[in-house]
Amino acid sequence: MTEPRLRALVVDDEPLARQTLRSLLEREEDVEVVGECGDGPAAVEALRAGRPDLLFLDIQMPELDGFGVLREVRNLQVPAVVFVTAFGQHAVQAFDEEATDYLVKPFDDDRFGRALDRVRSRIEDARRHASPEQQPGRWLERFAVECMGRISIVPVDTVQWIEAQDYYVQIHADGKEHLLRESLRNLESRLDPRRFARVHRSAIVNVGCVKQLRRRTHGEYALLLEDGTELKLSRTHRDQLQLLLGMR
């Protein structure tokens with residue numbers, strides 16, 4: 001069975017940059033360009049309407065920059081994001097957002113090809129870990145975790161929080177810890193975004209287990225969970241969490 005083509009959205013405020021990306025993508029048999037946008041608000045609208053697999057995203061744009069775009073559509077879980085920019089100083093923040101790659105203009109065909117190979121690998125991994133029965137609007141209800149030759153079933157309702165551990169995630173549920181071989185990003189895409197929220201690049205929490213938000217110095221916040229765990233809340237994820245908690 002042939003894999004579906006990767007649906008790509010190109011976002012850049014420079015028409016020539018959009019044309020260049022489109023031309024490069026149109027050479028690829030497994031990629032379909034489904035839209036172009038010249039500013040952040042248009043990108044948000046297109047992402048909500050089209051749900052692409054792949055987003056080529058400029059950073060510095062009028063009205064809403066690339067990072068602002070991702071904040072607006074965080075619950076949509078775009079599988080692969082490649083930042084494309086003339087500035088190299090945003091790379092650390094881009095990878096904090098779990099970007100698949102970061103292209104600095106001007107780039108050559110070989111560098112673009114390597115970025116696209118990383119995209120294919122990430123999307124293939126996401127598809128491989130998706131549950132066969134998963135349909136839009138249906139979310140993961142339980143984990144099957146293997147340890148010492150036994151498989152434990154962990155209901156999602158019992159999970160307090162989840163943290164990244166290299167190539168694994170550690171699930172904290174009912175006072176116990178379970179290791180699962182899956183990336184945090186892939187797992188996040190399978191969890192109900194109304195119940196689970198990313199609070200840091202390496203942590204997801206069950207919103208129903210949040211007991212307090214504690215203000216720290218310099219505008220930073222920390223989360224206190226019902227089991228006493230305290231986690232850092234990054235500024236990038238604070239607005240979405242406050243929305244889920246009914247604070248906005």
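**Notes on the predicted model**

1. The largest nonpolar core has 20 residues, and Val11, Leu47, Leu55, Leu57, Val69, Val81 and Phe83 are the ones that touch the most other members. Two or more residues of this core come from each of strand 1 (6–11), helix 2 (40–50), strand 3 (54–57), helix 3 (66–72) and strand 4 (80–85). There is also a second, separate core of 19 residues, with Leu6, Leu54, Phe56 and Val82 among them. As background, nonpolar side chains in soluble globular proteins tend to be buried together.

2. Now the chain as a whole, keeping in mind that this is a predicted model. Its secondary structure amounts to seven helices and 15 strands. The radius of gyration is 19 Å, close to the 18 Å that the globule rule gives for 248 residues, so the chain is as compact as a globular protein of that length. Along the principal axes, the C-alpha atoms fill a box of roughly 55 × 50 × 30 Å.

3. Two further figures describe the chain. Of its 248 residues, 45% are buried. If you take the contacts between residues at least 6 apart in sequence, 51% of them join residues at least 24 apart.

4. Helix 5 (109–129), strand 8 (159–165), strand 9 (168–173) and helix 6 (184–190) each contribute at least two lining residues. Helix 5 gives the most, with five.

5. You will find asparagine 206 in strand 12 (residues 203–206). With a relative accessibility of 8%, asparagine 206 counts as buried, because the cut-off for that class is under 20%. Setting aside residues up to four places away in sequence, asparagine 206 touches Val156, Asp157, Val159, Gln160, Arg195 and Phe196. Arginine 195 sits 11 residues away along the chain, and its C-alpha atom is 5.9 Å from that of asparagine 206.

6. Is histidine 237 buried or exposed? Histidine 237 is buried, with a relative accessible area of 5%. Its place is in helix 7 (residues 235–244). Apart from neighbours within four places in sequence, histidine 237 is in contact with Arg74, Arg198, Val199, His200 and Arg201.

7. Lysine 232 belongs to strand 15 (residues 230–233). Leaving out neighbours within four places in sequence, the contacts of lysine 232 are Val199, His200, Glu220 and Tyr221. Lysine 232 and arginine 214 are 18 residues apart along the chain, and their C-alpha atoms are separated by 9.6 Å.

8. Lysine 211 is in strand 13 (residues 210–215). At 56% relative accessibility, lysine 211 counts as exposed. Beyond neighbours within four places in sequence, lysine 211 is in contact with Leu224, Leu225 and Glu226. From lysine 211 to aspartate 53 the C-alpha to C-alpha distance is 35 Å, and the two are 158 residues apart in sequence.

9. The peptide bond from lysine 105 to proline 106 is cis, and its omega is near -10°. Proline 106 is in the loop between strand 5 (101–104) and helix 5.

10. Where do we find positive phi in a residue other than glycine? One of the places is glutamate 63, with phi near 75°. Glutamate 63 lies in the loop between strand 3 and helix 3, and its relative accessible area of 73% makes it exposed.

11. Aspartate 174 also has a positive phi, near 50°, and is a residue other than glycine. Aspartate 174 is located in the loop between strand 9 and strand 10 (176–180). With 54% relative accessibility, aspartate 174 counts as exposed.

Definitions and conventions. Residues are numbered from 1 along each chain as its sequence is written. This is a predicted model: local features need pLDDT of at least 70, side-chain atom pairs count only at pLDDT 80 or more; totals for chains, interfaces and linings use all residues. Side-chain values use heavy atoms; hydrogens and water are left out. Helices (H or I, at least four residues) and strands (E, at least two) are DSSP runs, numbered from the N terminus. A nonpolar core is a set of buried Ala, Val, Leu, Ile, Met, Phe, Trp, Tyr and Cys residues joined through side-chain atoms within 4.5 Å. Buried means under 20% relative accessible area, exposed over 50%, partly exposed in between (1.4 Å probe, protein chains only). The radius of gyration is taken over C-alpha atoms; the globule rule is 2.2 Å times the number of residues to the power 0.38. Contact means heavy atoms within 4.5 Å.
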